[in-house]
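Subject: Structure for your review

Dear colleague,

Please find below the structure that I am handing over to you. My account of what was found in it comes after.

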Amino acid sequence: LTILAGLFATCGVEAGFAFGAAVARAEPDPARVAALAESPAWKALLLYVPRWGWRRTSIVDAPDFFLAKTGQTDPAAELVATLEAFGRPLDAYPKIDDHPLCRYPARRALLTRELGLADDAWPKPKCPAQDRWLGYVDVDGISLVFASYFLNNPASLFGHTFLRLHRRADPELASLGKPPAMLDFAVNFAANPTTSNPILYPLYGLAGGFPGTFSLMPYYLKVQEYNNAESRDLWEYRLAFDAAETRYFMQVLWEVGPHVINYFYIDENCSYVMLLLLDALRPELALADDGFLLITTPADTLRAIVSREGLVVDDGVAWRPSSRGRLLARSRALTAEQRRVLHEVVDTKSLAAETGLPALAPAAQAAVLDAALEWIDYDEALAGTKTATLNQAFQDALLSARAKIDAPPGTLTEPPASARPERGPRTQSFALGVGVDSRERSFAQAEWRPTLHQVESPSAGYSPYLQIEIMNFRWRSVVDEEGRTSPLELEQIRLFDALSLAPLSALVRSPSWRFAVGGRRDPHDERLWRGSFEGGGGATFATSDGRWTAYGIGLVEAGLSQAYVRRLYAAPGVQLGLLAEPLDTTRLGLTWRTQREGSGGEPALTRSRLRFAASYAFREQAELRAWLERAGGGLTPSRPEIGIEITVFH
Amino acid sequence: MKAVLTSVSVAVLGMFAAGQAYGAGYGAAGCGLGSIVLGAKPGFMQVFAATTNGTSASQTFGITSGTSNCADKAGAATEEGGEEGEAPKKDKKKKKKNASIIEQRDFVTANLSTLKKEAAQGNGETLAALSSTLGCDAAVFPQFAANIKGHHGQIFAKNDANAVLINVKAQVGQDETLAQGCEVGVY
C-alpha cells in the first residue's frame with residue numbers, strides 16, 4: 001500500500017485524474033492538442049466540409065459519429081472528447097467492440113502520430129468485429145470509378161463516382177494468379193429514397209431529406225449495374241495509395257461507414273463524399289477545397305482528382321465499356337462487308353446463308369457473331385439473370401454458332417484519351433456578352449450556368465449529342481433609343497433544359513428527345529413574363545465520327561403568359577437543328593424552330609426563330625461564342641439580334 | 001406508380017455458411033442473392049434517381065459487419081476460430097482455393113448473362129473470375145474456358161444460376177486436368 005501511494009505521489013500531478021500508467025502515457029501536450037484540433041488532418045478525418053475557405057461543419061449528420069455533443073461543429077471539443085474516451089477503462093463496455101478504441105482506429109492512428117504519443121499510449125484491445133471486417137475486406141489499393149453520362153438514359157445525366165477496392169494478392173493463393181477485378185470490392189455512397197412520389201422526390205432530394213448511406217458490395221454488381229443494365233461506360237482511375245495507406249483508409253471507412261449523411265442532390269452528393277473520404281486519407285490533397293460551393297458534379301470531382309500531381313498512377317486509367325460501347329467498338333472493328341453481314345443478321349435475326357455469314361472466314365464469323373451478341377446485350381439491357389425475351393431464339397442460335405468457332409473474341413479499342421470524362425471544361429460557367437437586339441438597341445448580358453453542358457459548346461469531355469442545363473439565369477441591360485441604360489434585369493431562367501440526341505444507325509434506334517422548364521420575357525411584350533414547359537421527341541442523324549449532326553424534333557410548349565387574357569397557352573411546333581464540329585475546338589449550330597401558338601378565345605399565331613451560333617473553346621477554360629438570331633412571325637416585326645459573349649468555366 | 005421500381009431480390013436471406021468465407025479463395029462478399037434483376041428506373045424518376053444514385057443494387061449491404069447477413073458471414077468464421085479474433089487455426093496447413101458455395105452461386109447469379117456470352121466466346125474477365133471462385137489455377141484457365149465452351153449448350157440449357165453452377169462443376173470433375181487444377185468445393 002505504501003508503495004502504491006508512493007507511485008501516485010510521483011505521477012499524481014500530471015495525471016491526477018487518471019488511474020493507470022497507460023492513461024498517463026497518453027497525456028499529450030496541451031499546445032499540440034490545441035494545434036491539432038484546428039489542423040486540416042483532424043478536420044478531414046471528421047469529414048468537415050470547406051465552406052468559403054473554412055471548414056466549420058462535418059458532413060456527417062449522425063450524432064453517434066461524434067463523441068462530443070458539439071462534435072459536428074466543434075473540432076476542439078471532439079478532440080478533447082476523443083482523448084477522454086480513449087482513456088476509459090476497457091471493461092467500461094460490456095462489448096469491447098463498442099469501446100472508442102475499437103470504434104475509431106483511424107483517429108487513434110492520427111492522434112498517436114500527430115501528438116507524438118507512444119504506440120502503446122492507449123491499451124490495444126482485440127476488436128473482434130473490426131478484425132473480422134478488415135480480414136474480410138483484405139485490400140491493398142484503391143481506384144476511383146466514374147460511371148459516365150449516357151444519352152437516352154436520364155439516370156446518367158450527371159455521372160456517378162464510387163470506389164473500387166483492390167484485393168490484396170494472397171501469397172498462399174499464388175497459383176490462382178492475380179485476384180480477378182470482378183471479385184474486388186466496391187464502396188458506394190447513395191441516397192436511400194424514402195418516397196417514390198414524383199413531387200416529393202425532388203424536394204426531398206434538394207433539401208437533404210433522404211438519408212445517404214455507404215455500402216460495400218462485390219465490384220461485379222457495379223459492373224453489371226452500370227455497364228449492362230444501364231449501358232454506361234465505367235472509367236477507372238487507379239490512385240497512388242500504397243498498401244499502408246489503403247489500410248488506413250479501411251480504418252477511416254470503419255469509422256465513417258456506418259453513419260448517415262443527409263444526401264443533397266446538388267452538393268453533398270456521392271461524388272463529393274468520395275472527395276471528403278480521400279481528403280481524410282491524405283489531408284494535403286485538399287480535394288474538397290476545389291471550389292465546390294453550390295454544385296458538385298461527379299466530373300468536376302474527377303477533374304480535382306486528376307489535377308493532383310501523381311495522385312492517379314501513370315497508365316492507371318482503364319475503360320470498362322457499356323453494352324453500347326462494346327457494340328459500337330465491335331462494329332467499328334469490322335470491315336464494310338462484315339458490317340453489312342452484321343446488319344443483315346441483326347435485321348433478319350437469322351444466321352441463314354442469305355445473310356452472307358456462312359461465306360465469311362471463321363474468324364470473321366466470330367467477329368460478326370460477337371457484335372450481334374453485344375447488340376442483344378444492349379437492346380435488351382441484359383444483366384444479372386435477365387434473359388433475352390424479344391430475341392431469345394436468335395440469341396440461342398448466336399451462342400450455339402459462336403461456341404463452335406475456335407477463335408478468341410477481339411480486343412476492344414479504347415476511346416482516345418481526349419474522350420475521357422475529366423477532359424473538357426468544368427461544369428459551372430459564367431458568361432458576359434454584348435450585342436444589338438431585335439429592336440436595334442445595344443445590350444449587355446450576364447449568364448450563370450451552374451451545370452452542365454450546352455449542345456452549342458465544343459463537346460470535348462462531354463457527349464456531342466447531349467445538353468443538360470439546370471438553374472441557368474440570364475440578366476440583360478439595354479440602351480434604348482434615347483440613350484438611357486436600363487438596369488440589369490432578369491431575362492430568362494432555365495430551371496431544367498435537356499436535349500438528348502441519339503443518332504440513328506442500323507443497330508441503335510433510340511429516339512431523340514427534349515424536355516425543358518423555365519421562364520422568360522414574353523415575346524409579345526418584353527415587360528411581361530411567361531413560364532413554360534416543353535417536351536417532344538424526334539430523330540437524329542449523324543456521321544460516324546460525330547462531326548456532323550442533324551436532328552428534327554416535334555414538340556409542344558405550354559405554359560402561362562401575362563400577355564394572354566386567359567394566361568394559359570399552348571404552342572405545338574417543330575425544331576430542326578444542324579450541328580457541326582469541324583475542329584475539336586470549334587462548334588457551329590444552326591437551329592430553326594416554328595410554333596403555332598394559341599390561347600383560348602384569341603387568334604392563334606405562328607412564331608418562328610432562326611439561330612446560328614459559332615463557339616470556340618480556349619484550352620478547356622473559356623469559350624467565345626458569336627450568334628445571330630432572327631425571330632419571325634408574332635405581333636411585332638423584328639430585326640436580327642447579334643451578339644458575342646465570353647464564357648469562363650470555373 | 002409501381003412501388004418497386006427495380007432492384008435485387010434477395011431471396012435467400014440469412015443463409016450463411018460459417019467457416020467458408022474466411023481463409024479461403026477470392027470469394028466476393030456474397031450474401032445469398034436469389035435472382036438478380038438490375039434495371040434502370042422508368043422515365044421521369046430516372047432524372048432524380050440520377051442524382052441520388054440509388055438506382056439499383058447499390059444498397060445490398062451496409063459497410064461494416066453487424067449490419068447485414070453478408071458481412072456476418074465473414075464474422076461467423078472468425079468466431080469459430082476463437083474469441084481472440086484470429087483466423088481459424090484448423091485451416092492453417094493449407095488455405096482453400098475456392099470461394100464459398102454461396103459466393104460462387106451469387107457470382108453466377110449476378111453475372112449469368114455475361115457468363116453465357118463469354119463462355120461461348122471462350123474468354124473474358126467474368127469467365128476468368130468464375131474460374132477463380134472455383135479454385136482453378138490460372139494455368140488451367142485456357143483448358144477451363146475451352147471445356148465450358150465445348151459444353152456450352154448443356155451447361156446453359158436452363159437459365160438457372162444454380163443449375164449452371166452444378167453443370168460447370170460436373171464438367172470440371174470429368175476433366176482430368178481441371179479436376180487436378182481446380183478445387184471446386186461442394187457438389
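Predicted model: local features only at pLDDT ≥ 70, side-chain atom pairs only at ≥ 80, totals over all residues.

Residues are numbered from 1 along each chain as its sequence is written, chains are lettered from A and ligands numbered from 1 in the order in which they are written, and side-chain values use heavy atoms, with hydrogens and water left out.

The chains

Chain A contains 17 helices and 22 strands; helices (H or I, at least four residues) and strands (E, at least two) are DSSP runs, numbered from the N terminus. The C-alpha trace of chain A spans about 105 × 80 × 45 Å along its principal axes. Of its 650 residues, 56% count as buried, where buried means under 20% relative accessible area, exposed means over 50%, and partly exposed lies in between (1.4 Å probe, protein chains only). The accessible surface of chain A is about 27200 Å², and carbon and sulfur atoms account for 60% of that surface; such areas come from the Shrake-Rupley method with a 1.4 Å probe, and for residues only the protein chains shown count as cover.

Contacts (heavy atoms within 4.5 Å) were also examined. In chain A, among contacts between residues at least 6 apart in sequence, 62% join residues at least 24 apart. Chain A carries 67 positive and 77 negative charges, whose mean positions are 3 Å apart. Here Lys and Arg count as positive and Asp and Glu as negative, with His and the chain ends not counted; each charge is placed at NZ of Lys, CZ of Arg, CG of Asp or CD of Glu.

Chain B has eight helices and two strands, and along the sequence they follow the pattern β-β-α-α-α-α-α-α-α-α. Buried residues make up 60% of the 187 residues in chain B. Among contacts in chain B between residues at least 6 apart in sequence, 66% join residues at least 24 apart. Chain B exposes about 7100 Å², of which carbon and sulfur atoms supply 55%.

The disulfides

A search of the whole structure finds two disulfides over all chains, a disulfide being a pair of cysteine sulfur atoms within 2.5 Å.

In chain A, A:Cys102 is joined to A:Cys127, with an S to S distance of 2.0 Å. The torsion about their S-S bond is about -80°, so this disulfide is left-handed. A:Cys102 lies in helix 6 (residues 100-103) of chain A and A:Cys127 in the loop between helix 7 (105-114) and helix 8 (128-136) of chain A, so the pair ties together parts that are 25 residues apart in sequence. A:Cys102 counts as buried at 1% relative accessibility, as does A:Cys127 at 5%.

In chain B, the sulfur atoms of B:Cys136 and B:Cys182 are 2.0 Å apart and form a disulfide. This link of B:Cys136 and B:Cys182 is right-handed, with 105° about the S-S bond. The pair links distant parts of the chain, 46 residues apart: B:Cys136 is in the loop between helix 4 (125-133) and helix 5 (141-150) of chain B, and B:Cys182 is in the segment after helix 8 (176-181) of chain B. B:Cys136 is buried, with a relative accessible area of 2%, and B:Cys182 is buried at 9%.

The salt bridges

The count comes to 58 salt bridges over all chains, a salt bridge being a side-chain nitrogen of Lys or Arg within 4 Å of a carboxyl oxygen of Asp or Glu.

One of them pairs A:Arg474 with A:Glu447, the closest N and O atoms being 2.8 Å apart. This pair links distant parts of the chain, 27 residues apart, with A:Arg474 in strand 13 (residues 466-479) of chain A and A:Glu447 in strand 11 (residues 442-449) of chain A. A:Arg474 is buried at a relative accessible area of 16%, and A:Glu447 is buried at 4%.

A network of salt bridges links a set of residues that includes A:Asp522, A:Arg530, A:Glu557 and A:Arg593. Within 2.9 Å terms, A:Asp522 and A:Arg530 form a salt bridge, the closest N and O atoms being 2.9 Å apart. A:Arg593 and A:Glu557 meet in another salt bridge (3.4 Å, N to O).

Yours sincerely
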